Amino acid sequence: LLLERAHYLLSAHNTRQLPDDVGAEVAFAGRSNAGKSSALNALTRQNSLARVSKTPGRTQQLVFFEVTPEAKLVDLPGYGYAKVPLDLQAHWQAFIDQYFRTREALRGLVVVMDIRHPLKDYDRQMLAYAVRRGLPAHALLTKADKLGRGQQGIALQKVRKELQSAFGDTVSVQTFSGPARQGVDEARGIIGGWLGL
Ligand code: GDP
């Protein structure tokens, strides 16, 4: 696998700024503080890859990381920052909506959710975007290390059932923890497969 090669490519604030729509890319979504940056770092075995996504001013942009010229990771803006003005929220909504509807390179969506607070409105909306397009999605239940094994299993089964009834078979789910190195290989396998790596 080549995910280790991921490096920052560019940030796009609007459709015009997107990189060429070629090759394959996988998008990452998650509510703020769900653990998306930590997951991106663990998946690429880098310490600070996703830090760039948190730079002030970049929190409302699509941040692209290039693995190879034909394979990219896309960090979607974290949702839940309290102080985003309403007009910016509207711009962001329209941008994401168009990205999901039209981006041909998009091969799949990873939704990062805190295992203790899964499937909030935003998570469901992102999953709906992917499923509507016929794209597969994979949910990472992060911070799994904060629960015991038994509780992890219960949470996983519950989310799996809810995903199945809301979205059908194209959405999969696993437990995950970057810091505890749990589920990293499983997730890398799925993402690498989508990217054709
Ligand atoms: P983001 O806002 O979604 O990018 O979230 P971050 O990756 O910055 O994580 C938010 C906080 O949760 C940070 O303090 C992380 O150290 C912590 N965190 C993220 N993932 C995990 C995890 O799997 N286990 C534990 N215990 N803490 C985590």
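Guide: The secondary structure comprises five helices and seven strands, taken as DSSP runs numbered from the N terminus (H or I of at least four residues for helices, E of at least two for strands). From the N terminus on, their order is β-β-α-β-β-α-β-α-β-α-β-α. The model is predicted: local features need pLDDT of at least 70 and side-chain atom pairs count only at pLDDT 80 or more, while totals for chains, interfaces and linings use all residues. Residues are numbered from 1 along each chain as its sequence is written.

Of the 197 residues, 38% count as buried, a term that requires 20 or more other C-beta atoms within 10 Å of a residue's own, with C-beta atoms placed from the backbone. The largest nonpolar core has 49 residues; such a core is a set of buried Ala, Val, Leu, Ile, Met, Phe, Trp, Tyr and Cys residues joined through C-beta atoms within 7 Å. Phe28, Leu109, Val111, Ala139 and Leu141 touch the most other members. Strand β5, residues 106–114, gives the most to this core, with six residues. In soluble globular proteins, nonpolar side chains tend to be buried together.

Beyond its neighbours within four places in sequence, Val111 is in contact (C-beta atoms, placed from the backbone, within 7 Å) with Ala29, Gly30, Asp123, Met126, Leu127, Ala137 and Ala139. Across the protein, 75% of the contacts with a separation of 6 or more join residues 24 or more positions apart. The C-alpha atoms fill a box of roughly 45 × 35 × 30 Å along the principal axes.

How values were computed: A residue is buried if 20 or more other C-beta atoms lie within 10 Å of its own, exposed if 12 or fewer, and partly exposed in between; C-beta atoms are placed from the backbone. Two residues are in contact if their C-beta atoms, placed from the backbone, lie within 7 Å.
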